[in-house]
Amino acid sequence: MSSFSARFSEWSDRRAPTLLILPTVLIILALSIYPLLLSLYLALSRFKLVRGGYELKFVGLSNFKKLLFGSQQYHFLGTFGRVSFLEWCFLALIAVGFGLWIWRYLRSGKAGPFGLIGRMITATVLTGLVLLCLAVLNGKGFPGSLVVTLFYVFAGVSIQLVIGLGLALLCAQRIQGRNFFRLIFFIPLMVTPVGIAYAFRMLADVSKGPFAPIWQWLGYGDFAWAVDAWSARWVVLIGDSWQWIPFMFIVLLAALENQPGEQVEAAKMDGAGGWQIFRDISWPAIAPVVATVVLIRLIEAFKIVDLPNILTNGGPGIATESMTLHAFIAWRTQDLGGSSAVGYMLLFVTVVTCVSFFNFVAQKTREADA
Amino acid sequence: MQVSLRDIRKSFGAIEVVKGLDLDVADGEFLVLLGPSGCGKTTALRMIAGLETASAGRIYLGEQDVTDVLPKYRDIAMVFQSYALYPHMTVEDNIGYPLYLRKVDKTERARAIREVAGKVDLLDYLDRYPRQLSGGQRQRVALARAMIRRPSLFLMDEPLSNLDAKLRGHMRTELKHLQNELGVTTVYVTHDQIEAMTLAHRVAIMKAGELQQLAPPREIYNDPANLFVAGFIGSPPMNFMNGEISSGAFRADGAELTCPGFGDHANVVAGVRAEDLRIVEANAGELQGTTYAIELTGNETLVTCQVGDSLVIVKMDKDYDEKIGTAVGISLTNQQVFFFDAESGVRLRPLDS
Amino acid sequence: MSAKSTTSSPAQPAKSQRTLFQRIFEPKDIKSLSPARLVMTYSILIFWSFVVLFPLYWLLVTSFKLPIHVSDGPVYLPFIDFEPSSHAWSYIFFDLGNDTFRPYMNSLIIAFASTVLAVLFGSMAAYALTRITYRPKIMSIVAFIVILAAVVVATIAAGIPWQIGLAVGAALFVLFLLNLAKHFKRALGNNDILFWIISQRILPPVVAVLPIYVMFQQVGLLDTHFALIVVYMAVNLPIVVWLMRDFFATIPIDLEESAELDGASRFRIFLTIVMPLAKPGLAATFLLVLILSWNEYLLALFLSTADAQTMPLLVAAQNATRGPQWWYMSVLIMIMILPVIAMTGLLQRFITRGLLIGAVKG
Ligand SMILES: Nc1ncnc2c1ncn2[C@@H]1O[C@H](COP(=O)(O)OP(=O)(O)OP(=O)(O)O)[C@@H](O)[C@H]1O
Ligand SMILES: [Mg+2]
């Protein structure tokens, strides 16, 4: 018996490198990679309930076709308005900008085939997304879940970064009670998103919510924000930001407190004022951290679903539907193929955005600082 | 520009770390603040810089009271122990940053940068980042950044402590030369006595937040004001023996030294430097003991002898050798003996002088 | 002592020379802020405290309101504006009783179990990636993906049960590793593995959850604790690996080497030396993952219906046909967030550090 246990422990010691990492790899293979492949298959098929089970029929790209050009286009991409001449010019400007960017890369002497392909994908997809936004935000246009998701992601992350950084800068000063504020500002991160959704529904209620007197005084006493597309989207965005500003705040505050104090003191001796110290010393010092938190938030923000689902149920109409919610609704209507297709589109947009950000922005800040 | 501290005090919470410092630094002087770790040197320096507020007392730069003036209005440059170089700026930008903040135009700035960079031998490194430099080069960047705007006062906090021994010696020479050339008043903090002795016009020795002695290096060595200074300066450290003075002679276990002119005193510490002693035949000389250890350091031999219950180090030339445990006598080569009150550490002097 | 420096005036030309502008916009000394900045700082910080606390306050007072206090327009202060009533609390705790406690217990079990497992497995992998050099062959990875894809096709198109497909695929893969893999040279390094693990976090859960739903449905594990524990563990593993790797990297390797010389095995070193040293990191990671699992909504929505229903689902379900019943909802939200807030308050320092290390080095 003891010789067996000795043999076992010797075996496990020799195999330790494999044994340590195996659980993680297996779990990810089984619950991420395998489902991902299965899901691709689902996206390429039509799902039908039949007696005693279901039936999957391979239909090629038709689910994607439906989203991009067919009956679900209004839902996914949106309804297009006319793009004005000025907006075409704007788009051309962006395209030219990307062109120059790639040109400079080619001239830099460090160009390789992968770098070139990656940059071309980034440029094409981003230009395409800008065109889409211009088209659906125009006149008669109406954004679908893709543009709504982009709105949540980009507007949300920008707002969270600006406010989070501002609060962190204020709290990094030598003031009384900073620990108190730090503790308080941290709280929203822990509240369940479902709870936040309900809380903001209460708060935003113009007749029964706490701000009802103010709305009345402003003459909006019977304004129903949930019926107006943009006000509904903004309420979702505010709820989401309320939860995630603390994340930016807490990490950036730690980064600010972590920067070497002597550099700041040296700058003070050299005669730098508050703004100059921020611009020349603090910002370069925290830029890699900023890039990382923005990346983390980009990744997570694309997954938004709880808030729009509960706050507005995706409405009015489809106005606040994020892509995840879109996929969920498709699933509920037994359209598994459509649901997977939306999921895959989300994956594509997320990966292009995050990888572009990582390669072309986050890495830059790191190099400059390393 | 001359600097004056008037009864400067600093407390962190309940602990007073600088206890009433009075100091006058003359225009163009190189003053070194010397003291053991934690005695408040950095704190004193930071108060002069304005990075720390004094709890009490006043600081004057020239005629002006700068006690409550912000650092940026003081016209002081400081070299930090860690150098505090800006990691994301090139050497050129680091050096030029003070001028950039003062909105000096580009060509003028570039000229000034090249001038100071030439002085500290950095012309070939202007495009590099601090992380690509060696310790000594970083130190010179910090120095150049401090020099470029011709401040009225230089402050340096152990600028050489991060360098290896050889480079430290080299940079010491450079520093002394540069300070002499620029003629800028300098306050320099260190806990290394060699640095203090070689660099300073005058040395200010601190202990636990209090000034012990302020004098030129030679005077500090030859005429220490108290027991602490005597023991702190010199290598090997001064030999001390506990005893008493009565009727013109110091007596201790195994020692008898004449000291004409000193009044009777019961509790005395006598101090003699190793180079003022010689080993002689047993029973000759003023001290009697046995050899305890013999160390050859290269150009001389340090002989430690047990005299009574204290150990006395004698500096002999490099050929001296003897068995450990041999009884020897020790004689004074000149009459350089210092006497201190054992309780207060105050130097005792002959009554009639 | 400080009184002396601030009161004696004649010796202070500097202070009286300050212009009005300087007095307002420049600090008195290096340690303080200028009056203008102080006023601005505190007004913003206090305003933001209000923004953060008011929604929570509103939830709290609403949980003590009667329906009439809500429907007749807002009332703000208990005992002054309205008489608080505990009817909602007693309804949730006594009338609903088990319907509240069961999801609560479900949430506790699922969150804790999945967090413990994720932190354990994730730490193991993170540790291995900081200390052991791996060189997986590119070809074996390609082969693996091909086999996996074949399994997928076999499962769905050919109607073979997925368990069998997976088993055959695994067997093929092992055979490949043992026999063919030697012939290929190109290999990847630790950082590639790490990046691969962390990048799994990019995967939107909605993409993976449909097949997982189908998989669990086929083996009858839908709506069980097991399903949610396993899935939560999988989605949080990347975070654990990412945060813990940096903690392990800061632990000096000398300690482990000396333990190794003393004859300890790798697992023993990991459990008795490395894990205790990484405690602050473990605490931070644990708490973060726990909060994420505790609050998770989408996956629970897909994978649980009744028996394994978690708290977020219960809260979400309060959107009753009679219109939202704010008072009940508020109680539920309160009992969901209070324990988390209490715990985080205690461990907040760790969290800050944990997040920072990850962000700075990640
Ligand atoms: N910000 C602070 N808060 C509290 N105590 C401090 C602070 N700064 C310094 N001290 C204390 O004041 C004393 C003097 O510190 P200081 O840094 O001036 O010493 P030092 O002479 O420069 O020593 P070293 O040679 O080691 O640099 C020390 O005991 C230190 O612990
Ligand atoms: Mg110091």
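Author: Happy to. Let's start with a term: two residues are in contact if their C-beta atoms, placed from the backbone, lie within 7 Å. This is a predicted model, in which local features need pLDDT of at least 70, side-chain atom pairs count only at pLDDT 80 or more, and totals for chains, interfaces and linings use all residues. Residues are numbered from 1 along each chain as its sequence is written, while chains are lettered from A and ligands numbered from 1 in the order in which they are written.

Reader: Thanks! How many residues of chain A are in contact with chain C?
Author: 78 residues of chain A are in contact with 74 residues of chain C. Helix 2 (residues 16-43) of chain A gives the largest share of chain A's side, 19 residues. Helices here are DSSP runs (H or I, at least four residues; strands are E, at least two), numbered from the N terminus.

Reader: And what classes of residue make up that side of chain A?
Author: It divides into 56 nonpolar, 17 polar and 5 charged residues. Ala, Val, Leu, Ile, Met, Phe, Trp, Tyr, Cys and Pro count as nonpolar, Asp, Glu, Lys and Arg as charged, and the others, Gly among them, as polar.

Reader: How do helix 9 of chain A and helix 4 of chain C pack?
Author: Helix 9 (residues 193-204) of chain A packs on helix 4 (residues 35-62) of chain C at an angle of about 85°, with the axes 10 Å apart. That makes the helix 9 of chain A roughly perpendicular to helix 4 of chain C. Axes are lines fitted to C-alpha atoms, for helices over the stretch in contact, and angles run from 0 to 180 degrees between N-to-C directions. Angles under 35 degrees count as roughly parallel, over 145 as roughly antiparallel, 65 to 115 as roughly perpendicular and the rest as oblique.

Reader: Which residues meet there?
Author: From helix 9 of chain A come Ala199(A), Met202(A) and Leu203(A), and they meet Pro55(C), Trp58(C), Leu59(C) and Thr62(C) in helix 4 of chain C. By class, that contact has 6 nonpolar, 1 polar and no charged residues.

Reader: Now inside chain C. At what angle do helix 10 and helix 12 of chain C pack?
Author: About 135°, with the axes of helix 10 (residues 190-199) of chain C and helix 12 (residues 225-250) of chain C 7 Å apart. So helix 10 of chain C is oblique to helix 12 of chain C. Leu194(C), Ile197(C) and Ile198(C) in helix 10 of chain C meet Pro238(C), Val241(C), Trp242(C) and Arg245(C) in helix 12 of chain C. The residues of this contact divide into 6 nonpolar, no polar and 1 charged.

Reader: Switching topic: what surrounds ligand 1?
Author: Residues of chain B, including Phe12(B), Val17(B), Lys41(B), Thr42(B), Thr43(B) and His191(B). A residue is near a molecule or strand if its C-beta atom, placed from the backbone, lies within 6 Å of it. Helix 1 (residues 41-49) of chain B gives the most to this shell, with 3 residues. By class, the shell has 3 nonpolar, 7 polar and 1 charged residues.

Reader: Last one: which domains does chain B have?
Author: Domain 1 (3-231) and domain 2 (237-348), with bounds that come from an automatic or database domain assignment. The C-alpha centres of these domains of chain B lie 39 Å apart, and 7 residues of domain 1 of chain B are in contact with 10 residues of domain 2 of chain B.
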